[in-house]
Amino acid sequence: ACEVPLHWTQGRAVAWAAPELPEVVRADFLAALPGWADRTPGSPLEEVGGVPALEAVVTEFYARARRDPLLGPVFAAHVEDWPAHLGRVTAFWVTLLGGDADLAPWRGNLNAAHAGLGVRGEHLRAWLTLWETTARALLPAPAADLLTARARAMGARLGGPGSRQRA
């Protein structure tokens with residue numbers, strides 16, 4: 001007859017089939033936990049690398065947007081306090097991606113925030129292209145894909161690409 005082992009592992013799964021757990025098995029298990037960094041992210045924000053990664057994308061995106069011949073003039077005409085703007089945009093993205101306990105959530109209306117800025121379909125297309133280029137330059141492909149998909153969904157709500165409206 002084949003005897004079933006009391007202790008076995010398969011990948012990260014660890015099993016013990018007895019009422020008492022020997023101290024050496026417990027100690028080995030706990031010692032291995034810090035090396036298990038490949039867990040499933042808890043939120044989309046975590047998937048993109050957390051607040052620091054998002055701040056890097058937002059900061060670099062707006063540095064590029066300010067130099068862009070189409071987008072730069074729009075931002076120059078409407079943004080006076082760049083640190084505050086970057087903070088608001090970062091808070092928006094953090095909230096959109098699941099929030100962070102250490103940051104206040106963004107509160108506002110996306111359409112109202114952009115109404116009256118003279119933004120047209122060509123601006124949204126340029127914004128989305130630049131956002132995707134920036135995300136892909138700074139993040140792993142799955143994280144950039146996530147940010148790009150969220151940005152495209154917002155663009156559709158604002159009347160841009162994918163909204164079925166003509167720009």
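Apart from neighbours within four places in sequence, Thr 134 is in contact (heavy atoms within 4.5 Å) with Val 57, Glu 60, Phe 61 and Arg 64. The model is predicted, so local features need pLDDT of at least 70 and side-chain atom pairs count only at pLDDT 80 or more, while totals for chains, interfaces and linings use all residues. Residues are numbered from 1 along each chain as its sequence is written, and side-chain values use heavy atoms, with hydrogens and water left out.

- Thr 134 lies in helix 7, which spans residues 121-138; helices (H or I, at least four residues) and strands (E, at least two) are DSSP runs, numbered from the N terminus.
- Because its relative accessibility is 0%, Thr 134 counts as buried; buried means under 20% relative accessible area, exposed over 50%, and partly exposed in between (1.4 Å probe, protein chains only).
- The side chain of Thr 134 reaches the backbone oxygen of Leu 130 at 2.8 Å.

**The two sides of helix 4**
- Within helix 4 (residues 71-78), the residues Leu 71, Gly 72, Val 74 and Phe 75 are buried.
- Viewed down the axis of helix 4, its buried residues fall within an arc of 165°, so they line one face of the helix; the arc is that of the directions from the helix axis to the C-beta atoms.
- Ala 76 and Ala 77 are exposed on the other side of helix 4.
- The cover over the buried residues of helix 4 includes helix 3 (50-67), helix 5 and helix 7.

**Packing of helix 5 and helix 8**
- Helix 5 (residues 82-96) packs with helix 8 (residues 141-157) at an angle of about 105°, and their axes are 12 Å apart.
- Axes are lines fitted to C-alpha atoms, for helices over the stretch in contact, and angles run from 0 to 180 degrees between N-to-C directions.
- Helix 5 and helix 8 are therefore roughly perpendicular to each other, a term for angles of 65 to 115 degrees.
- Phe 92, Trp 93 and Leu 96 of helix 5 make the contact with Leu 147, Arg 150, Ala 151 and Met 154 of helix 8.

**The chain as a whole**
- The protein chain has 8 helices and 2 strands, in the order β-β-α-α-α-α-α-α-α-α along the sequence.
- Of the 167 residues in the protein chain, 29% are buried.

Technical notes. Angles under 35 degrees count as roughly parallel, over 145 as roughly antiparallel, 65 to 115 as roughly perpendicular and the rest as oblique. A polar contact is a pair of N or O atoms within 3.5 Å; within protein, one must be able to donate a hydrogen and the other to accept it, and residues adjacent in sequence count only if both atoms are side-chain atoms.
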